[in-house]
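Trainee: Could you help me learn to read a protein structure, one feature at a time?
Mentor: Gladly, let's look together.

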Amino acid sequence: MTSGASHRARRAGRSRPVAVALAAVAASTITLVSCGSDDDNGGSSTPSTERPTPPDTASFSGTAPSALSSAEASARARASAAASSASAAASSFEASVSADTERANKAAESELKHVGGQGNAMSDVAMTGKPRSQTGGLLAVVVTITNKTDKKASYAVQIDFRDPSGKTVETRYVGAEDLAPGKKTQPLAISRKPPEPVLTPKLVKAQRY
């Protein structure tokens with residue numbers, strides 16, 4: 001072997017361990033990158049926690065009801081339910097009234113349309129309250145009509161129900177037909193309004209005809 005060939009062989013022998021070492025380092029780097037990628041993709045080393053996604057409010061329409069508007073709607077619903085309940089109770093209570101009494105009440109309303117002032121029979125009429133326990137909680141007034149004349153007569157009576165401010169919120173009519181002299185009858189004037197506010201009955205007109 002010549003001296004030049006011998007020199008090249010020695011250089012090749014020294015380069016081989018270096019190349020092997022570089023290849024090992026490269027392989028180790030590739031392994032580390034691969035492990036890091038596995039962890040980022042949801043590997044078993046570190047569990048991930050999902051967070052709830054907030055709603056997309058851009059797709060909503062209208063506005064949410066405020067607490068005040070909700071309270072107002074609830075109050076209106078309660079008032080409407082109370083009024084409906086009172087009306088139904090009045091209808092049920094009045095269902096026991098005889099057909100003759102109902103006819104007299106309608107005749108009284110018709111008669112009083114033509115009467116000015118208080119009428120001519122205020123002294124023949126009196127009012128007393130009826131216990132609510134007997135009327136299903138309704139405000140009912142016993143109207144006592146007495147024929148104080150010496151002849152048979154018919155009567156028409158108007159009762160107004162007024163709120164605490166004095167405003168008339170309801171009007172009812174009762175009557176008596178062909179009442180004999182000295183006799184009396186006691187029809188009922190029944191309010192269809194809810195228990196609140198408390199109403200006061202007022203004798204407005206009484207006409208003998």
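Trainee: Which residues does Gln158 touch, not counting residues up to four places away in sequence?
Mentor: A contact means heavy atoms within 4.5 Å. By that rule, Gln158 touches Leu112, Thr171, Arg172, Tyr173, Lys202, Leu203, Val204 and Lys205. Keep in mind that this is a predicted model, where local features need pLDDT of at least 70, side-chain atom pairs count only at pLDDT 80 or more, and totals for chains, interfaces and linings use all residues. Residues are numbered from 1 along each chain as its sequence is written, and side-chain values use heavy atoms, with hydrogens and water left out.

Trainee: Is Gln158 buried or exposed?
Mentor: Buried means under 20% relative accessible area, exposed over 50%, and partly exposed in between (1.4 Å probe, protein chains only). Gln158 has 11%, so Gln158 is buried.

Trainee: What joins the side chains of Gln158 and Asp160?
Mentor: A polar contact of 3.1 Å. The term stands for a pair of N or O atoms within 3.5 Å; within protein, one must be able to donate a hydrogen and the other to accept it, and residues adjacent in sequence count only if both atoms are side-chain atoms.

Trainee: In which strand is Gln158?
Mentor: Strands (E, at least two residues) and helices (H or I, at least four) are DSSP runs, numbered from the N terminus. Gln158 lies in β3.

Trainee: How do I read the sheet with β3?
Mentor: Look for pairing first: two strands pair if DSSP finds at least two bridges between them. Here three strands form an open, antiparallel sheet in the order β4-β3-β7. β4 and β7 are at the edges with a single partner strand each, so one side of each has no neighbour in the sheet. Eight bridges link β3 and β7, and Arg162 stands opposite Thr200 in β7.

Trainee: Which helix packs on the sheet?
Mentor: For directions, axes are lines fitted to C-alpha atoms, for helices over the stretch in contact, and angles run from 0 to 180 degrees between N-to-C directions. Helix α3 (residues 99–112) touches β3, β4 and β7, and its direction makes about 110° with that of β4.

Trainee: How many residues are in the largest nonpolar core?
Mentor: Nonpolar side chains tend to be buried together in soluble globular proteins. A nonpolar core is a set of buried Ala, Val, Leu, Ile, Met, Phe, Trp, Tyr and Cys residues joined through side-chain atoms within 4.5 Å. The largest one here has 18 residues, and among those with the most contacts inside it are Val125, Ile159 and Ala189. β3 gives the largest share, five residues.
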